[in-house]
Amino acid sequence: MIAIGAASGPLRGAGRRAVRALAFDAFVLFNPEALVKRAREIAGDEGAALVRAASTKLFGYTWYYTSAGRYAEFDELAAGAFSSAAKGLGLNLSDAETDRLVEGYAHLELWRDVPDALETLRTVLGLSAVPR
């Protein structure tokens with residue numbers, strides 16, 4: 001997912017400024033397959049579509065709240081995204097099913113290439129620590 005090899009030259013910060021920190025959107029770091037599996041257990045063949053639709057809504061919700069200067073807990077936004085996505089697909093999720101889907105975000109695994117890519121970034125940019 002992280003295209004380190006796509007750079008034509010060495011990775012550097014802009015100008016003379018040292019890179020002190022990097023931030024990533026979680027969607028590029030974590031593989032959603034465990035969440036899709038969980039959604040299929042709940043919504044059958046519509047599980048993958050449910051996760052795709054909910055992810056799109058969740059991304060929009062986070063940008064809306066950020067741009068409006070508002071804050072909401074991730075779980076609250078994710079529950080709303082799953083509920084809205086389910087309704088759009090003609091599915092009726094119980095509160096327990098919605099909670100189970102939201103809780104699935106806590107069990108996502110990194111994409112296979114992420115640990116090595118983060119280590120490369122840490123080494124090349126001279127960062128002191130990259131949490132795993």
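Trainee: How many helices and strands does the protein have?
Mentor: The protein contains 6 helices and 2 strands. Please keep in mind that this is a predicted model.

Trainee: And what pattern do they follow along the sequence?
Mentor: Reading along the sequence gives α-β-α-α-α-α-β-α.

Trainee: Turning to pockets, how much space lies in the largest pocket?
Mentor: The largest pocket holds about 550 Å³ of space.

Trainee: Which residues lie nearest its centre?
Mentor: Asp25, Ala26, Phe27, Leu58 and Phe74 lie nearest the centre of the largest pocket, out of 24 residues that line it.

Trainee: How does the lining divide into nonpolar, polar and charged residues?
Mentor: The lining of the largest pocket comprises 18 nonpolar residues, together with 3 polar and 3 charged ones.

Trainee: Now the protein as a whole. What percentage of its residues is buried?
Mentor: Of the 132 residues in the protein, 28% are buried, that is, under 20% relative accessible area.

Trainee: And the surface: what does the accessible area come to?
Mentor: The accessible surface of the protein is about 9000 Å², and carbon and sulfur atoms account for 53% of that area.

Trainee: One last topic, contacts. Among those between residues at least 6 apart in sequence, what percentage join residues at least 24 apart?
Mentor: Within that set of contacts in the protein, the figure is 67%.

Note on methods
Residues numbered from 1 in each chain as written. Predicted model: local features only at pLDDT ≥ 70, side-chain atom pairs only at ≥ 80, totals over all residues. Heavy atoms only, no water. 1 Å grid on protein atoms, 1.4 Å probe; cavity = no way out; pocket = protein on both sides within 12 Å on 5 of 7 lines; lining within 4 Å. Points joined across faces, edges and corners; volume = space filled by probe spheres on them. Nonpolar A, V, L, I, M, F, W, Y, C, P; charged D, E, K, R; others polar. Helix = DSSP H or I, 4+ residues; strand = E, 2+ residues; numbered from the N terminus. Buried < 20%, exposed > 50% of the residue type's maximum accessible area, 1.4 Å probe, protein only. Contact = heavy atoms within 4.5 Å. Areas by Shrake-Rupley, 256 points an atom, 1.4 Å probe, with all protein chains shown as cover.
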